[in-house]
Amino acid sequence: MQVLVVEDETKMASLLRRGLARHGNVVEIVGSGEEALARSVATSFDAIVLDIALPGIDGMAACRQMRESGVWAPVLMLTARDGVFDRVAGLDAGADDYLVKPFAFAELLARLRALHRRGVSERPTILEAAGLRLDPAARRVLRGEVEIALTSTEFTLLEALMSRAGDVLRRGDLLEYGWDMGFDSCSNVVDVYVSRLRCKIDVPFATDSIETVRGYGYRFRRGAPG
């Protein structure tokens with residue numbers, strides 16, 4: 001793999017370079033968000049390892065700007081922050097995975113291999129389904145001309161559902177997308193947030209965008225909601 005490592009701490013950057021290179025990867029190191037954006041636009045990397053705490057624009061902003069610039073290489077975000085909010089914020093910014101420092105290098109390699117297996121798939125600038133429009137870059141959701149205010153977690157869940165409109169997503173899939181991996185798969189947190197979403201995107205408009213598939217999960221309708 002050709003990997004871009006964005007890390008401003010010299011010791012950590014050196015460790016990552018040596019470790020990744022030892023496993024057959026071609027590694028390029030940059031130390032700021034601005035450099036990361038420039039290099040990711042200029043070169044098609046197979047994966048990007050991106051630290052959040054960077055000089056200049058931080059990793060969150062750099063990741064968001066990469067996606068806005070059409071860079072869809074898988075991003076593994078590194079951070080010392082281990083709160084659920086921080087994980088959600090990283091995923092909302094466009095990251096594909098999240099690893100908390102300190103970490104085992106074997107885990108970093110495994111996560112990079114998993115991201116590489118998924119491949120690079122361009123994500124639409126605007127998601128549209130069931131009469132709803134979601135703009136990931138601008139963080140806006142509209143039904144017709146009416147803008148709908150969502151929390152960060154609600155937005156993350158809606159983006160997951162709309163990006164796979166027509167497919168049934170298991171509760172476990174949605175938990176992995178937007179919540180602490182420590183949640184039990186039987187937790188009702190997904191059901192609670194789906195209910196909140198329905199109260200915002202459907203009930204005021206007398207529509208029904210999110211279908212419950214009993215015993216399995218949820219499906220966002222492709223066409224006009226009933």
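Me: Helix 6 and helix 8: parallel or perpendicular?
Reply: Roughly perpendicular. This is a predicted model, and in it helix 6 (residues 152–163) and helix 8 (residues 189–201) pack at an angle of about 90°. Angles from 65 to 115 degrees count as roughly perpendicular, so the pair falls in that class.

Me: How far apart are their axes?
Reply: The axes of helix 6 and helix 8 are 10 Å apart.

Me: Which residues make the contact?
Reply: Helix 6 contributes Thr 153, Glu 154, Leu 157, Leu 158 and Leu 161. From helix 8 come Val 190, Tyr 193, Val 194, Arg 196, Leu 197, Lys 200 and Ile 201.

Me: And by class?
Reply: The contact of helix 6 with helix 8 has 8 nonpolar, 1 polar and 3 charged residues.

Me: Switching to cysteines. How many disulfides?
Reply: The structure holds 0 disulfides.

Me: Cys 63, buried or exposed?
Reply: Buried, because its relative accessibility is 0% and the cut-off for buried is under 20%.

Me: What about Cys 199?
Reply: Cys 199 has a relative accessible area of 49%, so it counts as partly exposed.

Me: Next, Thr 212. Where is it?
Reply: Thr 212 lies in strand 11 (residues 210–213). It is partly exposed, at 36% relative accessibility.

Me: What does Thr 212 touch, beyond its neighbours within four places in sequence?
Reply: Thr 212 is in contact with Arg 198, Gly 217 and Tyr 218. With Arg 198, there is a side-chain to side-chain polar contact of 2.8 Å.

Me: How far is Thr 212 from Val 168?
Reply: They are 8.9 Å apart, C-alpha to C-alpha, and 44 residues apart in sequence.

Conventions
Residues are numbered from 1 along each chain as its sequence is written. This is a predicted model: local features need pLDDT of at least 70, side-chain atom pairs count only at pLDDT 80 or more; totals for chains, interfaces and linings use all residues. Side-chain values use heavy atoms; hydrogens and water are left out. Axes are lines fitted to C-alpha atoms, for helices over the stretch in contact, and angles run from 0 to 180 degrees between N-to-C directions. Helices (H or I, at least four residues) and strands (E, at least two) are DSSP runs, numbered from the N terminus. Angles under 35 degrees count as roughly parallel, over 145 as roughly antiparallel, 65 to 115 as roughly perpendicular and the rest as oblique. Contact means heavy atoms within 4.5 Å. Ala, Val, Leu, Ile, Met, Phe, Trp, Tyr, Cys and Pro count as nonpolar, Asp, Glu, Lys and Arg as charged, and the others, Gly among them, as polar. A disulfide is a pair of cysteine sulfur atoms within 2.5 Å. Buried means under 20% relative accessible area, exposed over 50%, partly exposed in between (1.4 Å probe, protein chains only). A polar contact is a pair of N or O atoms within 3.5 Å; within protein, one must be able to donate a hydrogen and the other to accept it, and residues adjacent in sequence count only if both atoms are side-chain atoms.
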